[in-house]
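Please work through each task before reading its solution.

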Amino acid sequence: MILPDLTAFLADPAAGPVLAGIQGERWRKARDAAKDLCRKDKPRYLPLLIAANAGLAQDLWNRGLGQDAEAVLEYLKTIAPSELLAALLARQAESQAEEALKKAIGGRPEDIAAWRLAESAAAALEAGGAAPAEAMPAVDAMVTASWSPPEETSAFSGELRVVRAAVQATGDGLWEEARLALQALPRRSVFQHWRFFLRGVRHAHLGEKTEAQRCFDALPPHSTPARAAAPYRDLLELPPAAAGAPEEASLPLLVAMAGLSPAWATPLLEAGRHWKRQKLDKAYEALASPLRQYFPTDDPGWGAVLTDVVFASCSGKSALPHAAQQGLVDYFLDRYDNEKFRSDRERLFALRFFLHEDQNALDAAVAEECGDELVKTWARVSGPDALRESAIWTMIGGYLQPAAANGSLPSPRHNEKIILGRIHEKAASLDRENPAPAVRLARYYFSVNNQSAYNAQLTALGKRFPEHKGVLRLSAEESIRRKSWPKALKTLHQAYAADPSDRAIVELMLQVLQAQVMGLHRKGQPVPDTLWQEMEPLLLDLPTDPARVSEVTAIGHSRWALYTFQGFSGVPGQSAAAARLAPSPWAHFFMLHLVMQRSGFLQVQPAPDTPPSWQDLRWFVLLLQWDEATRERSWTHQGDLSGIFRTFLKALQKKGLAQDPGDLPAAVQAFQKAVESSNPSQSGLWVDITMEFTAIIAAAAKKNAPYQIKLASAIFPERLYDMAGAIPVLQGILAEATAAKDTPAIQITNRYLDIALKKSRLPLPPEWGEEGLPGPSWESADGSDGEKNDDRELEDTLFPDIQAVAAALRIFPKSKRKEIKERFLAQGMPPDVFSRALDLAKLLAFTLTKQQAREILESSAWDLGALPPPPPPPVIKPDPFQPDLFSGL
Amino acid sequence: MNPWLILDIPAGTDDAGIRAAWQRAIQQHPPERDALRFQEVQEAYQAIRDARARAAWAVHPRRAPADSPGDALRLYARRRPTLTPPGAPAFRAFLQACTPPPDKK
């Protein structure tokens, strides 16, 4: 309170009531008492009257009674000293400002408190100090508040009005007006960050990304402008800031900034809420109900984008959980079943969606029916269109074609194929100027073996569209089928010229060239350099990053794979070149391993001018033994090794088995020894290679063949069972070897002859009859003393059992072994006899062919149940469309 | 994304108009500056370059341009040639929603 000094009246009892009134802020009472005293002695008691009126005036101001206070002040002007009057006038001005503020901002205490806080921060800044950080929310609240700022009662108020004007102009896109408004803002202002924000918004709208980022990056992290900048940052694809704007706020802004009607905002917000909860059907409903004119739609615009999002999100390719997708699918199915579509357009989208979704499990009849309905619905929506109808049938035909090609169409397949044909014919007839459906029709004819229609279609296409890539490709494929490599290549070159970017054509060209390489390999002929050179420009250079290898087949068509293969084929320098091209040393290690594994199948072999010798057979056996001796249980590549052996035998046959047979007997003896001492766990491999070898040697051992061949044939297991029959053969060989003074051959023949003579004198077991002696062995023929044969008598006794167990081992798969054992034991074979028989049978098993084993089992006393059916003879029919040379790599 | 939108042309634009829009778009988004956008423009042109391509595009399934309607809206706004000023009332309402209420103490 602004009051004069009244201490002089403390001792005056007459002034007591006035002082008590002033002290108790009972101003009117004090004034009246002071008036009474002044009537008695005005000069003495006037200060008391002035004090009471001054207090009253201030009290009236405090209570918002400005007019009453004005009247009291007018009276005071006649009696109060000038200093007191000046102080009261200042108080009056303050009171008026506060009144105006309250009037302006609505009088909420928190708003007034915020104003005061913001104003004090501005004052601190103006005075050269720093604005307190806690004032920031209050400053921001002043800008975004809905009330208008009071008239310029202070600098702060003036700055606020400037910022408000700039916000208004920015919202309306009046960039120049906003810029000019902001120029009025002093450099040191509590609204400085708003200046940055509004500038950033302007730059964002003008597409000035860098400038916008600079402005937004300068914003205090937790200020309103920083939050408000979030959607702009997002639109400009800038890194997100610490604080973001709430979705409910930013979505309507985005709708407005995207130039869409505000009517989109609420449905989008609601759809977004459902989408987050993965209720796609409700999200769809939230959009389709209020916005049925604009959604779903194909018309270019926001509606089409939204339509694509919604329909693609419930397709199988979406990352959304299956249950969420299924919710929307069920929703459409329900509308379809109950005819609840809002419009033909909605029906059209649902039908199209069903067709795409069921593409892998489409029944041809259903697909045709669905296609018909789609065509009719679309015609109702946007009129008939032959090109579109052709596209629909082409698409459906494409969906059905793989199933037809795999023969996986549900029965009756014949009808399905007829429908498929009808679909392809519709597609072709509706767009006669388009060769693509006609090519598909031709492929369909081929797939159903309608050769005449296929040929006619191919010829017609060739005449009508001689330069069309698809037609040329079809023609090239036909040439490949006929193995007309030059014609295929010529046609493919034409197709390549039509579209050099079509990798499928390049791959076909590579296949043709590789098929030629393969053919030459099969014939054992050298591959001309020109063939490799022709492949060179078509090859791919693989990226170092495996994630960037788009197709697995690209590896087979890579320069790296081809060079590796060439290196294996003996082309000089290519191994090193392949290693250089490899993406990494480890990748090359894998590649080498794979090519090596497949070299038997692919028949990669040393150059044709280096034919193998019988010494190489010994090397093979030796290496195989080394492999066996050092092999670990988990290693499995027996099949590949037998493939290599087969390649080797073919090369030997090509050279001529009778060529240089001098080393043959020793090689065969080594082979024989290796077989007998082999590890039973590797029996499969030894059986395979023994069979292969026996077959070609037996075929070669004709009457006029060199005695070495005949010796090799005589001492191999096929003949073991006919010792008596072997004697004259061996005697003939001995005579020839003696005449040729071939000491090693004479020694070998003599050893086997001794054994044959000895064995032929042994009594035959009753079950064996006259068919020959049971059991090998030529073991003593390798020069050993025969000590291993101490148990021969026991073996003879058990031989029928051993044979039966061996035959069972040969025929039944490994998985059945336990079962076999149980059956033998159940039928009375003692366990120790079975174990003994098993040990011996393992050795014997790989001397039996499967046919022999079947015969043994069928005539034995043991009943092992149904025998597995004999395997069909392998039929190798090269498919020219399978990249047989490299593709599997 | 819808090819008509990528090329920024209305439906029903003829082949010549589509071609002109494509040429304009590849000038705006050359491959050396934004390879992805360039690729997108190329694909958009291939999808609607003639009546047959347009028919096939209309019939065949589309990829989802975004993971949710909200994301799609952002994508759509981002791809507009310019951002539309939201208008002062909408802008103010947005700023208010970004401002926490004043402390009551």
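**Exercise 1.** Classify A:Glu478 as buried or exposed, and determine which helix holds A:Glu478 and A:Arg481.

*Solution.* The relative accessibility of A:Glu478 is 8%. Buried means under 20%, so A:Glu478 counts as buried in this predicted model. Its side chain meets that of A:Arg481 in a salt bridge, at 2.7 Å from N to O. Both residues belong to helix H24 (residues 469–481) of chain A; because they are 3 residues apart, about one helical turn separates them. A:Arg481 is partly exposed, with a relative accessible area of 27%.

**Exercise 2.** Identify the helices linked by the salt bridge between A:Asp217 and A:Arg233.

*Solution.* The closest N and O atoms of A:Asp217 and A:Arg233 are 2.9 Å apart. A:Asp217 lies in helix H10 (residues 209–217) of chain A and A:Arg233 in helix H12 (residues 230–235) of chain A, so the pair ties together parts 16 residues apart in sequence. A:Asp217 is partly exposed at 45% relative accessible area, whereas A:Arg233 is buried at 6%.

**Exercise 3.** Determine whether A:Glu346 is buried or exposed, and do likewise for A:Arg335.

*Solution.* A salt bridge joins the two side chains (3.7 Å, N to O). The pair links distant parts of the chain, with A:Glu346 in helix H18 (residues 344–357) of chain A and A:Arg335 in helix H17 (residues 322–337) of chain A, 11 residues apart. A:Glu346 counts as buried at 2% relative accessibility, and A:Arg335 counts as buried at 11%.

Terms used
Residues numbered from 1 in each chain as written. Chains lettered and ligands numbered in written order. Predicted model: local features only at pLDDT ≥ 70, side-chain atom pairs only at ≥ 80, totals over all residues. Heavy atoms only, no water. Salt bridge = Lys/Arg side-chain N within 4 Å of Asp/Glu carboxyl O. Helix = DSSP H or I, 4+ residues; strand = E, 2+ residues; numbered from the N terminus. Buried < 20%, exposed > 50% of the residue type's maximum accessible area, 1.4 Å probe, protein only.
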